[in-house]
Amino acid sequence: MVTVERVSESESGSERGWGLKLILVTSVLLLGTSSIALAVGPTNSTGVTTIASDTERAAGIEIVRVYPNPVTDGDRGEFVVIDVSRKTNVSGWELRDEESVVSLPNRTVSGWIVLSTEPKAVENITDEPVLQLTGKISLSNAGERVRLVRDGTSVTTVEYSDAPEGELYQRDSGEWTWQPFGATDLSVVESGPSAARLFVLPDAPKAPASTLDSATDRILLGGYTFTSDRIASALVRAHRRGVHVEVLVESGPVGGITTQEKTVLDRLTAAGIDVHVLGGACAICLSSREVRCRRRPGARDDRKLETVRRWRSLEPGWGAIVRDSVTADELAAVFAADTGWLDTKRWREFSRNETFEPSEPSFESYPSTVPPKTVPVEQTRLLAAPDNAEPELLAVMNNATESISVVQVSIEGFDGPFTQAALQAARRGVEVRILLSNAWYVQDENRALAERLNRLAGDSPLEVRLAEPNGRFEKIHAKGVIVDSDQVVVGSLNWNPYSARENREIAVVLMGDAVGEYFSSVFDADWRGKNEELPTPIPVGIIAALGIAILIALVLANALEFEPKW
């Protein structure tokens, strides 16, 4: 869990106030992937082939994108994009697949042009001009050849196979690849020095929750699930005192949306709060419940905001309220990119025909052992999956010289890049400790992996354990890495290929001895599995389940330009 707070440039030193806190939450978005197809021409390094013919080069027109499998009923909204290098009248030109022929209108065009037989379904999802074609064409999801023809001669041709749902087949630097339509391309953002208030759950649930009651301008909150009556009450209070509040939740969490969550979201809607569901009929892949990551230009917004990811007080999570305007700006841009697409529906519309799973709230209590602590941070690096998190985290691990401590729910696969990076570090003498969950649903696979890694480690300094809560928490659900005692990765990144390469995950790398010392003490206690200090238990009801164990929050104390970065 990471909370980022923006501060004014006039504030300085350790006496800076926390300023105004508002909450805006990014959502968990998943990117679908699939194998790429063949196009016409010689094979390039990606396995995709294409080449411009002499006729194509002479005409100055090329097919550069094909969108054959929209995430809509009946694949409504298919299109082809052509690049016209110079002004050309396309009257009499035809777009052909293997079964149909449609005609281009009498228009003179140049630049990138979208060709579609259903322009109304396409115009609001692209910035390029759309030409309506005469006739009907249905691009095959299984693959086919698409041609642009003039006077009976093919001018430009592309061939694809096995079109993934919601993905765009596009030409980039001469190579053809499948990309999720609207996928972001975010870079790692570095900033600092700054300060951070560190905390862990379930020990300190008031640390992230208190920002809601101090919000004065805007709260935009989103998460995997939202079932907390207490947090809902805080949002309603904020709405009544004039704070702009919006909520965004996932449409297809594992196990479905519960009756408890429905009750909470109905209450927010009845209070006048806008509740959105990401992944409606036009966005969710029902077979795998994968929601595509989207982007589109957003409006400028000078109001302050804070971004929160999600949290659950039953499970241990690592959190940090980071005061850093650069990181805050970038998180706001990520939020804008992820929430501004067509795959979001109003809760009332979405829930009208849905069924919900029965559930009951938890009322267990856990001790408050680790208090929050404010510490200096030398540098903050913001990571986002699937854009950049995997290579950045691997670089941090590959540069370790002394120690790596990892806490994860589970690790999918012995051959995964993070597992292999840990093994390689141990082989060069770095002390590696990996703590995994002992929860029933991952117990068997985690135990088998631990036994294999411990056996393989031999004399190298690597050890894997399953956590023993001993009444201090319900189960491990933190995702964190400590490297050389002075770099800590805090966030929602799981050690599996889906999280790193398909999901929208957010994490920060916090550098500083004080940060490393705080989380190392937490890790060491969980590693030993001992109850060392057990003050009065905190009821779980202080913060009930809001998602699965991760908070990413952005607190802005200044006016912010709310504009996505491409």
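**Ground rules.** I number residues from 1 along each chain as its sequence is written, and side-chain values use heavy atoms, with hydrogens and water left out. Because the model is predicted, local features need pLDDT of at least 70 and side-chain atom pairs count only at pLDDT 80 or more, while totals for chains, interfaces and linings use all residues.

**Cavities.** I searched the whole structure and got four cavities of 30 Å³ or more. A cavity here is a set of points, on a 1 Å grid over the protein atoms alone, where a 1.4 Å probe fits but cannot get out; lining residues have an atom within 4 Å of a point. Grid points are joined across faces, edges and corners, and a volume is the space filled by probe spheres set on the points. The largest cavity has a volume of about 50 Å³. Its lining includes Leu393, Gln408, Lys479, Trp495 and Ala507. Strands S29 (480–483) and S30 (487–491) are the elements that give two or more residues to this lining. I name helices (H or I, at least four residues) and strands (E, at least two) from DSSP runs, numbered from the N terminus. Which strand gives the largest share of the lining? S30 does, with three residues. By class I count seven nonpolar, four polar and one charged residues. Ala, Val, Leu, Ile, Met, Phe, Trp, Tyr, Cys and Pro count as nonpolar, Asp, Glu, Lys and Arg as charged, and the others, Gly among them, as polar.

**Rings.** The whole structure has 14 aromatic pairs. Rings of Phe, Tyr and Trp (its six-membered ring) pair if their centres lie within 6.5 Å; planes under 30 degrees apart are stacked, over 60 edge-to-face, the rest tilted. I looked up Tyr160 and Trp178: edge-to-face, 6.0 Å centre to centre, 90 degrees between the planes. This pair links distant parts of the chain, S10 (residues 153–161) and S12 (residues 175–180), with the two residues 18 apart. Both Tyr160 and Trp178 are buried. Buried means under 20% relative accessible area, exposed over 50%, partly exposed in between (1.4 Å probe, protein chains only). Tyr169 and Trp176 have ring centres 5.0 Å apart and planes at 40 degrees, so I log that pair as tilted. Tyr169 and Trp176 are also buried. Ring pairs join Tyr160, Tyr169, Trp176 and Trp178 into a cluster.

I also checked charges over rings (NZ of Lys or CZ of Arg within 6 Å of the ring centre and within 35 degrees of the ring normal). The charged end of Arg433 sits over the ring of Trp527, 5.5 Å from its centre. That of Arg452 sits over the ring of Phe414, 3.8 Å from its centre.

**Core.** The largest nonpolar core has 38 residues. Such a core is a set of buried Ala, Val, Leu, Ile, Met, Phe, Trp, Tyr and Cys residues joined through side-chain atoms within 4.5 Å. Among those with the most contacts inside it are Leu198, Trp318 and Phe519. Helix H11 (513–528) is one of the elements supplying at least two residues. H11 gives the largest share, six residues.

**Backbone.** I found the Gly192 to Pro193 peptide bond cis, omega near 5 degrees. The Leu201 to Pro202 bond is cis as well, omega near 10 degrees. Asp151 has phi near 55 degrees, a positive value in a residue other than glycine. Is Asp151 buried or exposed? It is exposed, with a relative accessible area of 72%. Asp484, in the loop between S29 and S30, has a positive phi of about 55 degrees. Asp484 is buried, at 15%.

How values were computed:
1 Å grid on protein atoms, 1.4 Å probe; cavity = no way out; pocket = protein on both sides within 12 Å on 5 of 7 lines; lining within 4 Å.
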